[in-house]
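Could you walk me through this structure, starting with the overall build and ending with the details of the backbone?

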Amino acid sequence: MTADPKTVLTGPHFMDGNHAACEGAIAAGANFAAGYPITPSTEIVERFAMRAPLVGATFLQMEDELASSIAILGAAWGGAKAFTVTSGPGFSLMMEHIGYAAMTETPSVFVNVQRGGPSTGLPTLPAQGDMMQARWGSHGDYEIIALSPSSPQECFDLMVDAFNFAEQYRNPVIVLMDESVGHMTEKVVIPAASQIELFPHRYTRRAAADYLPFQPWPDGIPEFARAGDGYRFHVTGLTHNEHGYPAINAPQQQELVGRLVGKIRNHAEAIARAEECRLEDAQIVLVAYGITSRVALRAMQMAREERIPAGLLRPIVVWPFPEKRIRELAARARAFIVVEMNYGQMVREVERAAAGRCKTILMPHAGGAVHRPEAILDIIREAAQ
Amino acid sequence: MSAPTAMNPVEPLLRSERMPHIWCPGCGIGTTVNCFARALERSKLPLDRVALVSGIGCTGRVAGYVHLDSFHTTHGRAIPFATGLKLARPEMTVVVYSGDGDLIAIGGNHFIHAARRNVDLKVICVNNFIYGMTGGQVAPTTPLGATATTAPYGAFERPFNLPFLAESSGAVYVARWTAYHVQHIAHAMAEALQKKGFCFIEILAPCPTLYQRRNRLGDGLETMRYYKQHSVIRNGASTRDLDLGFQSEITVGKFVDIERPTLQQTMEAAYRQALQQRYAGWRA
Amino acid sequence: MPPTATPAARKFRGEVFIHADRCKGCGFCIEFCPPQVLAAAETYNRHGYHPPRLVNEAGCTGCDLCGLYCPDFAIYGVRVPLAAAAPKPETSRELAEAGGRR
């Protein structure tokens with residue numbers, strides 16, 4: 001199935017990442033959003049509030065992020081494609097419902113336009129300090145899919161992908177933007193609706209009597225039913241069996257959590273996506289995502305001008321982490337330099353995947369501004385010696 | 001009822017395979033579910049088009065026992081979940097069924113805002129004055145002087161008057177009954193199911209295990225006798241006057257039944273006025 | 001408010017059905033039965049509670065107030081035309097044995 005031409009603003013635009021993300025959601029078929037104002041993400045819901053009644057969607061500004069992040073899950077069970085948008089403290093408040101969405105396998109998209117923290121931190125300035133929170137922020141064991149755009153164009157593209165992943169895997173999907181990408185204005189080309197592939201709801205075709213709402217297909221993912229269609233199913237955040245009924249015991253926990261984790265881990269290769277630049281002969285591999293990848297790219301080019309064999313791996317899907325690719329590169333590279341706008345989060349993943357086969361160097365930044373390419377170049381030079 | 005077989009009127013609403021339920025002997029929650037079954041039957045609503053949303057707690061378990069599209073959500077968030085569901089499925093009747101701690105303490109902010117917006121939800125609050133599921137802690141409804149595990153010397157915070165809170169926040173239908181008043185509860189629920197907008201029904205119910213026992217008030221049956229003897233029906237009473245004290249007289253009745261446009265109506269009217277033909281409506 | 005405590009019209013008699021193993025012995029049905037036709041059984045159910053039993057068959061009006069009160073969905077009353085045979089209780093247990101309702 002493809003996007004609805006009535007809702008897609010096909011053509012070239014000059015727009016910022018936040019607005020592009022909103023258009024991406026609409027193109028993906030999002031017809032419900034709930035949000036609470038918070039800098040630097042608010043433009044996404046402001047635009048959605050303006051666009052919603054024109055495209056057959058509903059927007060509601062809720063009383064807080066707790067409400068926003070579960071209103072979208074209620075809407076999703078009503079058959080809507082739903083998302084919410086937040087930043088900083090708001091993302092912390094949404095954690096419980098990311099876990100609820102994972103546990104109840106509710107297709108949903110959470111956008112986090114990252115700003116500096118902790119706490120109120122830097123409301124108007126960028127950071128990438130939520131990478132681990134995005135992965136581990138809700139309590140208990142679960143898996144997440146997270147995408148990190150590095151341009152307004154990608155804000156559009158990855159919102160479509162986020163909704164598709166959410167439907168395909170029946171999982172919450174996080175779009176991890178950052179303030180710089182959200183507020184950066186560039187050319188965004190919105191394709192024709194017919195070029196935008198959408199993954200439809202995995203609606204069951206079974207009769208109500210034969211339908212078990214949490215019975216998985218061989219791929220580990222159950223079929224979906226929406227409220228009001230006669231299936232009269234039960235959904236709970238408690239550990240539950242295939243009927244959706246609470247079953248508070250260790251074997252059921254093993255079966256359910258094992259499946260929830262497995263349905264993403266077993267498809268990690270299919271979900272993985274990264275951009276690679278000059279990796280064919282790279283001895284020094286920069287690893288960076290989001291806005292930081294653009295600075296790292298410049299540093300890589302400067303290193304190449306000095307004939308240092310540097311390359312760049314830019315994870316686009318940041319969770320599940322592209323550990324297989326890191327492992328391959330570790331076998332032949334001299335060093336990874338992980339450039340991120342935090343005090344060391346993804347670097348742990350790189351170190352873990354590299355497993356000591358090559359050196360891993362962290363190039364941290366507390367946030368508020370991006371790295372300087374010259375500073376990265378200095379580290380590249382050091383690593384190359 | 002002259003059919004050759006007879007069925008408990010609550011049975012079509014139950015997930016019978018999940019019986020017996022977890023509620024203690026003498027708990028009033030199950031009694032309210034009987035009333036809900038009768039109200040649904042009277043409302044003639046097709047059960048496929050009724051959803052029930054609960055939060056966390058003893059009353060939160062109602063969702064797991066009713067054979068409807070039923071959602072056991074997170075603590076305090078039944079109302080915003082139900083709001084999203086109602087907006088996405090306007091043709092459904094969405095009932096929120098939860099306890100006083102869930103709806104009024106952790107979920108208090110959502111409660112007042114949903115009433116303000118007049119979301120078309122039927123909110124049933126079983127108020128037992130205590131946190132049952134977690135073992136008897138003080139609630140924002142615990143009467144002054146009553147003890148709880150976290151108020152061992154007696155509650156010293158003024159409790160909420162729930163009908164007053166609901167009315168002043170914007171609810172269009174407000175009633176309070178006790179678990180003793182089964183016919184009135186069923187009637188109130190049936191009225192709410194037929195009414196558009198944010199309807200609120202408070203039902204006082206015994207928690208013999210944690211509230212009554214700790215406060216030496218006897219068992220569930222003694223509590224029901226207390227309700228019978230000390231409740232006064234005052235339909236139309238001002239909600240200002242409905243504070244509950246420790247073992248005080250209980251004013252019950254229907255206090256508010258007004259008309260006000262719902263969230264969906266005000267939303268659509270605003271869009272239609274501003275956008276006219278450009279308003280695309282709701283594309284489900 | 002439809003009255004329930006009033007005696008049924010003479011055209012009907014009451015029947016009460018008890019799902020004894022669901023009972024938790026709260027006593028609501030016995031206490032609030034308008035014609036007071038129930039009493040606690042001396043026997044125990046499988047959970048160790050004394051379920052109610054009908055002690056005055058002729059007195060039951062089938063008002064189903066017991067059904068409204070019972071927090072455990074363990075009892076209900078029906079009105080049966082005087083001429084009709086006694087209905088069979090269609091409890092969930094019997095349904096489950098017959099293959100289940102769902």
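Here is a short tour, from the whole chain down to single residues.

This is a predicted model, in which local features need pLDDT of at least 70, side-chain atom pairs count only at pLDDT 80 or more, and totals for chains, interfaces and linings use all residues. Residues are numbered from 1 along each chain as its sequence is written, chains are lettered from A and ligands numbered from 1 in the order in which they are written, and side-chain values use heavy atoms, with hydrogens and water left out.

Let's begin with chain A as a whole. It has 13 helices and 16 strands; helices (H or I, at least four residues) and strands (E, at least two) are DSSP runs, numbered from the N terminus. Its C-alpha atoms fill a box of roughly 70 × 50 × 40 Å along the principal axes. The radius of gyration of chain A is 21 Å, which agrees with the value near 21 Å that a compact globule of 385 residues would have. That radius is taken over C-alpha atoms, and the globule rule is 2.2 Å times the number of residues to the power 0.38.

How much of chain A is buried? Of its 385 residues, 64% count as buried, where buried means under 20% relative accessible area, exposed over 50%, and partly exposed in between (1.4 Å probe, protein chains only). Chain A exposes about 13400 Å², and carbon and sulfur atoms supply 52% of that area. Accessible areas come from the Shrake-Rupley method with a 1.4 Å probe; for residues, only the protein chains shown count as cover. Among the contacts in chain A with a separation of 6 or more, 76% are between residues 24 or more positions apart; contact means heavy atoms within 4.5 Å.

Now for the neighbours. Two pairs of chains are in contact, and chains A and B share the most contacts. Chains A and C do not touch, with their nearest C-alpha atoms 6 Å apart. Over in chain B, B:His187 sits in helix α7 (residues 182-194) and is partly exposed because its relative accessible area is 30%. The C-alpha atoms of B:His187 and B:Arg42 are separated by 9.0 Å, although these residues are 145 residues apart along the chain.

Next, the open space. The largest pocket has a volume of about 530 Å³, and α4 (88-104) and α8 (250-265) of chain A are the elements that give two or more residues to its lining. Of these, α4(A) gives the most, with 5 residues. The lining has 23 residues, and A:Gly99, A:Met103, A:His139, A:Gly237 and A:Leu238 lie nearest the centre. On a 1 Å grid over the protein atoms alone, a cavity is a set of points where a 1.4 Å probe fits but cannot get out, and a pocket is an open set with protein on both sides within 12 Å along at least five of seven lines; lining residues have an atom within 4 Å of a point.

Finally, look at the backbone. A cis peptide bond with omega of about 5° joins A:Thr39 and A:Pro40, and A:Pro40 is found in the loop between β2 (32-35) and α2 (42-55). Another cis bond, with omega of about 0°, joins A:Trp319 and A:Pro320. A:Arg232 is not a glycine, yet has a positive phi of about 45°; A:Arg232 counts as buried because its relative accessibility is 15%.

Notes
Grid points are joined across faces, edges and corners, and a volume is the space filled by probe spheres set on the points.
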